Amino acid sequence: MAAVVAAAAVRARILQVSSKVNSTWYPASSFSSSSVPTVKLFIDGKFVESKSDKWIDIHNPATNEVIGRVPQATKAEMDAAVASCKRAFPAWADTSVLSRQQVLLRYQQLIKENLKEIARLITLEQGKTLADAEGDVFRGLQVVEHACSVTSLMLGETMPSITKDMDLYSYRLPLGVCAGIAPFNFPAMIPLWMFPMAMVCGNTFLMKPSERVPGATMLLAKLLQDSGAPDGTLNIIHGQHEAVNFICDHPDIRAISFVGSNQAGEYIFERGSRHGKRVQANMGAKNHGVVMPDANKENTLNQLVGAAFGAAGQRCMALSTAILVGEAKKWLPELVERAKNLRVNAGDQPGADLGPLITPQAKERVCNLIDSGTKEGASILLDGRKIKVKGYENGNFVGPTIISNVKVGVNVPIPVPLPMFSFTGSRSSFRGDTNFYGKQGIQFYTQLKTITSQWKEEDATLSSPAVVMPTMGR
């Protein structure tokens with residue numbers, strides 16, 4: 001009976017979110033006892049129903065109930081989206097930088113006004129708590145606010161009088177059509193790393209959100225349209241492998257931004273680069289913490305628990321390993337106690353500290369990793385595999401788990417800086433030459449043009465042309 005009540009509550013929340021936000025792209029009217037809403041494509045400024053015969057179910061991770069369906073866009077639909085980007089590019093690139101800045105200024109205000117609605121969609125589709133979902137949106141909003149500094153970020157350089165009557169100057173130009181492929185774990189933040197930075201530089205953008213969590217990106221597209229972005233400057237397609245291959249291969253796409261797993265990132269970097277595209281790929285990584293005995297005990301224990309279990313560990317910044325040195329090893333019982341006190345529940349429930357994992361397969365993988373640790377001789381100090389959440393018995397929940405005496409490997413994490421600084425990351429955590437946002441983000445989405453300008457103050461005195469290499473300053 002509790003499960004039935006929970007399912008009914010979920011359906012009511014979907015109706016509330018869908019009808020309150022917008023009925024054109026995630027229609028509440030399509031709900032019935034036997035149907036779920038369909039997510040639309042966004043092509044040439046219009047939310048359009050896909051003609052695809054291949055659809056993917058969207059599940060609420062807290063219940064595993066199907067809450068929507070997303071299409072695998074057809075080849076014709078994907079071609080139409082790129083064609084729309086290509087048509088819109090010349091006029092958008094010629095739009096003054098101040099006008100593009102004004103669109104982004106209006107956009108950041110609309111995101112602020114709708115932040116809670118975007119967060120509700122994230123919690124519904126991804127499972128993270130509402131507070132964490134609001135943080136997801138806010139961190140993306142910070143990148144939009146940073147993009148509003150474009151008049152400083154895109155400044156060029158000059159060198160007057162490099163020689164007599166000659167000046168050098170350089171400035172940045174947009175590339176053309178750019179594309180982004182986003183993961184499931186940050187449905188708002190990571191798309192907002194991509195298309196606002198690309199568009200404020202004068203590019204047009206093709207976005208492919210994760211097929212598991214498309215709702216936030218669709219709402220963000222509507223808000224961008226309401227901010228005055230011209231039709232065709234942002235287009236959205238949905239899909240899986242075919243959509244990724246399409247983006248990597250299409251000759252009109254100049255650059256690809258990707259965040260996700262190592263396997264997918266390596267594939268996209270190799271295939272996109274082979275077709276002459278710029279690619280930036282942030283891939284999987286986990287943080288490791290080393291706790292020294294002179295560390296601040298209270299702060300350290302709180303930070304360890306938050307970093308390990310926030311967002312159910314589904315962050316590239318999640319702390320998967322902590323090495324306690326010397327006397328710090330005695331803190332383990334207190335660490336276990338604090339983790340045990342975390343409240344596991346559906347993300348929209350009051351007081352929830354962490355929600356479910358994204359899919360049953362993700363839950364199974366985590367449980368298998370715990371099993372493998374015990375088989376290698378590790379000790380389980382806190383076991384979250386058997387947790388049951390009342391009213392959400394079908395959810396993908398794994399409680400906080402702490403294992404000791406494990407074999408430690410080494411990985412290089414990706415730090416998440418504020419947007420005025422660019423991302424870093426090395427070795428297997430990043431592929432490409434230029435990273436996300438900050439100064440590097442502007443460089444990734446633009447090309448440098450350098451001009452040598454000569455203005456003679458007097459008529460030439462030479463009567464024949466010079467055919468040797470110029471040697472200025474010799």
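Reply: **Surroundings of one residue**

Setting aside residues up to four places away in sequence, Asp136 touches Ile122, Lys128, Asn185, Phe186, Pro187, Ala188 and Met189, where contact means heavy atoms within 4.5 Å. The model is predicted, so local features need pLDDT of at least 70 and side-chain atom pairs count only at pLDDT 80 or more, while totals for chains, interfaces and linings use all residues. Residues are numbered from 1 along each chain as its sequence is written, and side-chain values use heavy atoms, with hydrogens and water left out.

Asp136 belongs to helix H5, residues 130-147. Helices (H or I, at least four residues) and strands (E, at least two) are DSSP runs numbered from the N terminus. With a relative accessibility of 2%, Asp136 counts as buried; that word means under 20% relative accessible area, exposed means over 50%, and partly exposed lies in between (1.4 Å probe, protein chains only). One of the residues that Asp136 touches, Lys128, also makes a side-chain to side-chain polar contact with Asp136 at 3.0 Å. A polar contact is a pair of N or O atoms within 3.5 Å; within protein, one must be able to donate a hydrogen and the other to accept it, and residues adjacent in sequence count only if both atoms are side-chain atoms.

Pro71, in strand E4 (residues 66-71), is buried at 0% relative accessibility. The C-alpha atoms of Pro71 and Trp55 are 4.4 Å apart, although 16 residues separate the two along the chain. Beyond neighbours within four places in sequence, the contacts of Pro71 include Trp55, His238 and Gly239. Ser404, in strand E15 (residues 402-404), counts as buried at 13% relative accessibility and touches Ala378, Ser379 and Leu381, not counting residues up to four places away in sequence.

Strand E7 (residues 177-181) runs parallel to E10 and is joined to it by five bridges; two strands pair if DSSP finds at least two bridges between them. Val177 has Ile253 of E10 as its bridge partner. Five bridges also join E10 to the parallel strand E11 (residues 278-282), where Asn282 is the partner of Val259.

Aromatic rings complete the description. The structure holds six aromatic pairs; rings of Phe, Tyr and Trp (its six-membered ring) pair if their centres lie within 6.5 Å, and planes under 30 degrees apart count as stacked, over 60 as edge-to-face and the rest as tilted. Tyr169 and Tyr171 are stacked, with 6.4 Å between centres and 20° between planes. Tyr169 is partly exposed at 32% relative accessibility, and Tyr171 is partly exposed at 29%. Phe205 and Tyr445 form an edge-to-face pair, with 6.4 Å centre to centre and 75° between the planes. Phe205 lies in strand E8 (residues 204-208) and Tyr445 in the loop between helix H14 (438-444) and strand E17 (446-454), so this pair ties together parts that are 240 residues apart in sequence. Phe205 is buried at 0% relative accessible area, and Tyr445 is buried at 1% relative accessibility. Phe205 and Tyr445 also belong to one aromatic cluster with Tyr107, Phe195 and Phe444.
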